[in-house]
Amino acid sequence: MVKQVNEIREKINLYVEAQLEEYKPPYIKSPKVIHDTILGTNIFYPHEIMVIDSPLLQRLRRISQVDVVPLVFPSGNHNRFEHSLGVAVIADKLVQALKNRKSLPEHTDSDALLYHVRMAGILHDCGHGAFSHMSEDIHGSFPDIFEERRNNRNLYGDAKPHEMLSYLIVTSLALRNFFRDHVEPIYGISFDLDLIGEMIIGHVSNSDKAFWVEIINGAFDADKLDYIQRDSHFTGIQMILDLDRLFYTVDIIEIDGKQRLTIDFSGVSTLEEIVFDKMMLVSTVYNHHKVRSAECLFKSIFDEIKENDFSIHGRFFDSAADFLYITDDDIYGMAKMTDIGKASNLARNLLNRNLPKRGLIISGRTIDSNRQNLQQIMSLNNEQITLLREAIAEEANKQNPAITAKDIWVDLPKIPKFKEGSLWPIKTFANGNSYIKLRDVFPVDDWTKAFSENKWQGYVFTWAEFTDEVNQAAQSVIESAFDIQFNSYARSICKIT
Amino acid sequence: MSKIDELKTSLRTTRKPDDVIMAILASTSKTKIVKDPTVFHSAIFELSKNESWNGYLEDFFFDVSGISPFSDLLDQVLSRLETSCVLATPNPRYEEYDLQKDYLSISLNKFDASQQDCLKQMANKFEEILIPQ
């Protein structure tokens, strides 16, 4: 595949070189046992330990799996490292299930399949920055990521920015050299790093190996099967996910010449559980208003850094690659830095859980007239959100001149997607190649989407001492700009005293 | 100019991916269309492959690894239109969208006459894909 050279590729290669520069891979004689709260006792092979022990993976210990969620759900302190190992274990279980059911296509090299999906699981999140998706929300709109995607439209599709970074790490020259010099000659296993990269971004270039990709990036991929269990367990939000049932029904089906991962019709209930679990986790955990408010603070830290040309450990954060050099501890460390102006105050607020409060709720339930204009609010771009913050501050200044636009945040969360309903096949005959979509059985994606849309809330946040003035100002500005009328819930839900 | 006036001007003039989809829907001859993400995403994916139209749809990146194309951005656009009831879905069946044509048509103001002609062609093709002859 021809790929255009982009500056970000060079930066990622330099990053991988720097990470591996001082790493002296030990010779591992035998597999290691690693215990896990969710998945029990598991074996990792010597070549995997060599990769797991590298700084590329060790940094994931310092990145929260659920960004700032522990500020609201205190036991949600699990990290990207344990999740990555979990994905490798579940990918292994999916392969074993396919072998047990004798579902693997003829000529499949099952050892190569197993080694590749496990390695893809281990590496799939190595592109995450501090606080996982919160970094991604910032650098996802950077020009270098956009250019890389636009120049390789067919390769990346709509892969998430962190998946793109993981792909670039895995396919970098520096990592190829590491595998060539340390993994392959010592342990005698060859890896197709392009294929592992494609598994991470969900790109199928080899029809015979479509199901390899789907084990890592598909409807019921190992990533999802791990994070649903892990996030629900550690946050204390109980979910049902019958993995054993899924493993008894997993299969391969040929569609348009591609060997795809599927499940028997009898496993549909597990797929429905996945969709409903995802829906509940988003509304209960990931989009909790305190979580959203903390995420606003995090973004403001980087707004300050950018606005004032501050650097953190020599990085200016004008490239997505810069986010690979920092982990959660670096963000909290900013609280003690003296040369980064207000960014330090913001980090201290995050560290001490001094979070902005709700000043106004924007949703279909808090708007009484012209509900269709909610569409304009929900689709505001970054420049318009800045203008809205400034307009609210201008109005609030009439009552309190101390309030600035930087004391006001407008947060418009994305509504979760439920691709599972329409994009992946369910096998309908034991030995045939007929398939249907999940939504053909029951339009689960429509129902979960309707739930998520009804639950959707946008917020105006501000500091506790400004909530009354900001509430009035925000209500007045938004009603005027968007020709809508808020009802009393828009304020009462905020518990403004 | 006050900030609120700047915002209002920006809202009136800034063209976003949502406007393209709304303009296509406004230019169709239908007031109801099938609500099936597979069909909708496939139709917009087909339109994006036409070189003379892809300038309108260049922000939409499609995942083609599944059994039909899917765009995260298009999903977001549709979610916003559904949440605001511009694409209304009669409860409890979610088989059709009722198109709120008056609201959708506002987006056409962000395109000049020749662009509106182009969007009309896209809408015709969109209908053809949605309702096979």
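Here are some exercises with worked solutions on a predicted model with chains A and B.

## Exercise 1: A covered helix

Task: Find out how many residues of α11(A) are buried, and which helices these residues pack against.

Solution: 

Step 1. Locate the helix: α11 of chain A covers residues 193–201.

Step 2. Look at the burial of its residues. Of the 9 residues, 8 are buried, so by the cut-off of 20 or more other C-beta atoms within 10 Å the helix is mostly covered. Among the buried ones are A:L193, A:G197, A:E198 and A:I201.

Step 3. Look at the surroundings. The buried residues pack against α5, α8, α9, α10 and α12 of chain A.

Step 4. Follow the chain past the end of the helix. Just after α11(A) comes A:G202, whose phi is positive, at about 80°.

## Exercise 2: Another pair, another angle

Task: Work out how α16(A) and α18(A) are oriented to each other, and describe their contact.

Solution: 

Step 1. Take the axes again. Those of α16(A) and α18(A) come within 8 Å and cross at roughly 160°.

Step 2. Angles over 145 degrees count as roughly antiparallel, and α16(A) and α18(A) are therefore roughly antiparallel to each other.

Step 3. Note the handedness: α16(A) passes α18(A) in a left-handed crossing.

Step 4. Pick out residues. The contact includes A:L297, A:I301 and A:I305 of α16(A), along with A:A343, A:L346 and A:L350 of α18(A).

Step 5. By class, the contact of α16(A) with α18(A) has 9 nonpolar, 2 polar and 2 charged residues.

## Exercise 3: Into the core

Task: Find how many residues the largest nonpolar core has, and follow A:I196 to the residues it touches.

Solution: 

Step 1. Count the core: the largest one has 139 residues. Among those with the most contacts inside it are A:A91, A:I196, A:I200 and A:I301.

Step 2. Ask which helix gives the largest share. This is α4(A), residues 80–100, with 9 residues of the core.

Step 3. Follow A:I196. Leaving aside residues up to four places away in sequence, A:I196 touches A:H116, A:M119, A:A120, A:L123, A:V170 and A:F191.

Step 4. Look for another core. A second, separate one has 35 residues, including A:L387 and A:F461.

## Exercise 4: Buried or exposed?

Task: Say whether A:K102 and A:F317 are each buried or exposed.

Solution: 

Step 1. A:K102 is in the loop between α4 and α5 of chain A, and A:F317 is in the loop between α16 and α17 of chain A.

Step 2. Check the backbone. Phi of A:K102 is near 55°, positive in a residue other than glycine. A:F317 is not a glycine either, and its phi is positive, at about 60°.

Step 3. Compare the neighbours with the cut-offs. A:K102 counts as exposed because it has 7 C-beta neighbours inside 10 Å. A:F317 is buried because 22 other C-beta atoms lie within 10 Å.

## Exercise 5: Where the chains meet

Task: Describe the side of chain A that touches chain B, then one helix pair across the two chains.

Solution: 

Step 1. Count the residues: 43 of chain A are in contact with 36 of chain B.

Step 2. Find the main contributor. α20(A) supplies the largest share of the side of chain A that touches chain B, 6 residues.

Step 3. Sort by class. That side of chain A has 17 nonpolar, 12 polar and 14 charged residues.

Step 4. Zoom in on a pair. α24(A) and α1(B) pack at about 35°, their axes 10 Å apart, in a right-handed crossing. Here A:V477, A:S480 and A:A481 meet B:I4, B:L7, B:K8 and B:L11.

Definitions and conventions: Residues numbered from 1 in each chain as written. Chains lettered and ligands numbered in written order. Predicted model: local features only at pLDDT ≥ 70, side-chain atom pairs only at ≥ 80, totals over all residues. Buried ≥ 20, exposed ≤ 12 C-beta atoms within 10 Å, placed from the backbone. Helix = DSSP H or I, 4+ residues; strand = E, 2+ residues; numbered from the N terminus. Contact = placed C-beta atoms within 7 Å. Nonpolar A, V, L, I, M, F, W, Y, C, P; charged D, E, K, R; others polar. Axes fitted to C-alpha atoms, helices over the stretch in contact; angles between N-to-C directions. Left-handed = near helix turned anticlockwise from the far one by under 90°. Core = buried A, V, L, I, M, F, W, Y, C linked by C-beta atoms within 7 Å. Parallel < 35°, antiparallel > 145°, perpendicular 65-115°, else oblique.
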